[in-house]
Amino acid sequence: MRPPGGGRRGAGLTGGVESGRLRRAYDEVLAEVDAGGFEPPGGGELSAEQIVAHLAANDELMSEATEAVLAGSPFAYYDLETVHRPQLDALVAECGGLVGLATMLRATSQKLCVLVDRLGPAVAQTLVETRLHEDVDLRVDEALPWGRTLDLHTRVHLPKHLAQLRALRPELHPHRG
């Protein structure tokens with residue numbers, strides 16, 4: 001399946017992979033997390049803590065994949081959209097809640113951005129078996145250039161979870177109060 005965006009598979013992050021957009025996307029998410037004041041989610045939705053736990057765990061997977069690409073080793077990347085809530089809840093408990101999770105996300109996102117800065121144009125084109133399932137917005141189950149997967153993470157995955165966090169604000173859902 002061709003990822004969204006029409007054009008070529010490698011479109012998005014061109015040349016080398018530059019982490020500026022990725023860093024800005026994380027800054028937005030972390031600013032939202034730092035603002036706090038989230039309400040419990042509606043039926044079946046993730047809590048703010050679970051969203052941040054998911055992002056931090058996913059960063060660790062993306063860092064492992066990036067390290068493998070840099071080392072020239074084969075690697076498959078599967079997003080953690082299907083991680084079970086008990087696993088997320090265990091990470092929430094391990095980190096002591098949202099403040100600890102925010103600290104963890106700062107560290108995992110920083111590590112990923114530093115690794116991304118090391119990718120050159122040729123390395124960013126390394127094909128990695130990728131499985132991404134973001135609701136109906138994005139479905140990928142094929143080998144993609146790793147730079148393209150990072151671009152999808154920046155343009156689709158992080159904004160999706162930012163929107164989920166914002167939707168947990170009481171001012172957006174007065175009926176919850």
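This is a predicted model: local features need pLDDT of at least 70, side-chain atom pairs count only at pLDDT 80 or more; totals for chains, interfaces and linings use all residues.
Residues are numbered from 1 along each chain as its sequence is written, and side-chain values use heavy atoms, with hydrogens and water left out.

The protein contains 6 helices and 3 strands. Helices (H or I, at least four residues) and strands (E, at least two) are DSSP runs, numbered from the N terminus. Their order from the N terminus is α-α-β-α-α-α-β-β-α. Of the 177 residues, 49% count as buried. Buried means under 20% relative accessible area, exposed over 50% and partly exposed in between (1.4 Å probe, protein chains only). Among contacts with a separation of 6 or more, 76% come from residues 24 or more positions apart. Contact means heavy atoms within 4.5 Å.

Helix α3 (residues 85-95) packs on helix α4 (residues 98-117) at an angle of about 100 degrees, and their axes lie 7 Å apart. Axes are lines fitted to C-alpha atoms, for helices over the stretch in contact; angles run from 0 to 180 degrees between N-to-C directions. The two helices are therefore roughly perpendicular. Angles of 65 to 115 degrees fall in that class; those under 35 count as roughly parallel, over 145 as roughly antiparallel, and the rest as oblique. L91, V92 and C95 of α3 meet G100, L101 and M104 of α4. These residues comprise 5 nonpolar, 1 polar and no charged. Ala, Val, Leu, Ile, Met, Phe, Trp, Tyr, Cys and Pro count as nonpolar, Asp, Glu, Lys and Arg as charged, and the others, Gly among them, as polar.

The 20 residues of α4 should span 28 Å at 1.5 Å a residue, and the end C-alpha atoms are 28 Å apart, which agrees. The expected span is 1.5 Å times one less than the number of residues. Buried residues of α4 include L105, T108, L112 and V116. Their cover includes α1 (20-35), α2 (48-71), α3 and α6 (146-167).

Helix α6 has 16 of its 22 residues buried, so it is largely enclosed by the rest of the structure. A kink of about 40 degrees is centred on H153. The bend at a residue is the angle between axes fitted to the seven residues ending there and the seven starting there.

L144 lies in strand β3 (residues 138-145). L144 is buried, with a relative accessible area of 0%. The C-alpha atoms of L144 and L127 are 5.1 Å apart, although 17 residues separate them along the chain.
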